[in-house]
Every structure is written in C-alpha cells, then in structure tokens.
Amino acid sequence: METKKLQQEEVQQIISLQEKNQAIIMEFGQIEVLKLEIEDRVQIAKQYLAQIREEEKTLVDFLQSTYGEGTIDLDKAQFIPSK
C-alpha cells in the first residue's frame, strides 16, 4: 500500500486538536487539585465550627449556672429571668 502525504492544513488541524486535548487534560487536573483544596478548607471550617459550638455551650452552661434560666438582652446588657 502506498503512503500518501497529508496536506499542511490537515497536519495543522491534527496538531491543533492534540494541543486542545492536552489543554483540557491540564484543566481537568487543575480542577481536581482545586477540589482537594476545597475539601481541605471544608474540613478546617467544620473543625472551627465545632470549636465555636463548644465555646458557645461552655458559655451557656456558665451563664445558666450563674444566672439561672432566662434570656439576655445584649443591647441593655441585662439578664431577664424566665417566669
């Protein structure tokens, strides 16, 4: 079977498609790295939220043991006992 020479335009089209494929593969790789970074940030945020909730519970327990059941008016810095 005889080999045939490709036209320069055809060669350029093939090269262009190869470059586009490489670019999209790189893009998917970068997206995966970003997803991992986001997962790490989510885990850190969850840990911070758990810490905040623990601090909140500790403060609520302290305030209840000091003042009893009731509500707090932050604007007036007052404790209002429950009836």
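**A close look at the helix**

Author: Isoleucine 24 counts as partly exposed, because its relative accessibility is 40%. On this scale, buried means under 20% relative accessible area, exposed means over 50%, and partly exposed lies in between (1.4 Å probe, protein chains only). This is a predicted model: local features need pLDDT of at least 70, side-chain atom pairs need pLDDT 80 or more, and totals for chains, interfaces and linings use all residues. Residues are numbered from 1 along each chain as its sequence is written, and side-chain values use heavy atoms, leaving out hydrogens and water.

Isoleucine 24 sits in helix α1, which covers residues 8-67. Helices here are DSSP runs of H or I with at least four residues; strands are E runs of at least two; both are numbered from the N terminus. Together with Ile25, Phe28 and Ile31, Ile24 forms a nonpolar patch on the surface. The accessible area of these residues together is about 380 Å². A patch takes residues with over 30% relative accessible area and no salt bridge; nonpolar side chains (Val, Leu, Ile, Met, Phe, Trp, Tyr) are joined within 5 Å, like charges within 9 Å. Areas come from the Shrake-Rupley method with a 1.4 Å probe, and for residues only the protein chains shown count as cover.

Now the helix itself. Helix α1 has 60 residues. From first C-alpha to last it reaches 86 Å, close to the 88 Å expected at 1.5 Å a residue. That expected span is 1.5 Å times one less than the number of residues. A stretch inside the helix can be followed too. Valine 33 lies in helix α1. Valine 33 and leucine 17 are 16 residues apart in sequence, and their C-alpha atoms are 24 Å apart in space. Valine 33 is partly exposed, because its relative accessible area is 44%.

Next, the charges. Searching the whole structure gives two salt bridges. The criterion is a side-chain nitrogen of Lys or Arg within 4 Å of a carboxyl oxygen of Asp or Glu. One joins lysine 35 to glutamate 32, with the closest N and O atoms 3.1 Å apart. Both residues, lysine 35 and glutamate 32, lie in helix α1, three residues apart, about one turn of the helix. Lysine 35 is partly exposed at 41% relative accessibility. Glutamate 32 is also partly exposed, at 42%.

Lysine 57 bridges to aspartate 61, and here the closest N and O atoms are 2.9 Å apart. These two are separated by about one helical turn, because they are four residues apart in helix α1. Lysine 57 is partly exposed at 47% relative accessibility. Aspartate 61 is partly exposed at 38%.

What follows the helix? After α1 comes glycine 68, with a positive phi near 90 degrees. The protein chain has one helix and two strands. From the N terminus on, the order is α-β-β. β1 and β2 pair in the antiparallel sense over four bridges. Pairing requires at least two DSSP bridges between the strands. Isoleucine 72 stands opposite phenylalanine 79 in β2. Aspartate 73 faces glutamine 78 in β2.

The two strands form a hairpin with four residues between them. Alanine 77 lies in this loop, between β1 (70-73) and β2 (78-81). Its phi is near 55 degrees, a positive value in a residue other than glycine. Alanine 77 counts as exposed, because its relative accessibility is 69%.

Finally, step back to the whole chain. Along its principal axes the C-alpha trace spans about 100 × 20 × 15 Å. The radius of gyration is 32 Å, whereas a compact globule of 83 residues would have one near 12 Å. That radius is taken over C-alpha atoms, and the globule rule is 2.2 Å times the number of residues to the power 0.38. Buried residues make up 0% of the 83 residues. The chain exposes about 8,300 Å², and carbon and sulfur atoms supply 58% of that area.
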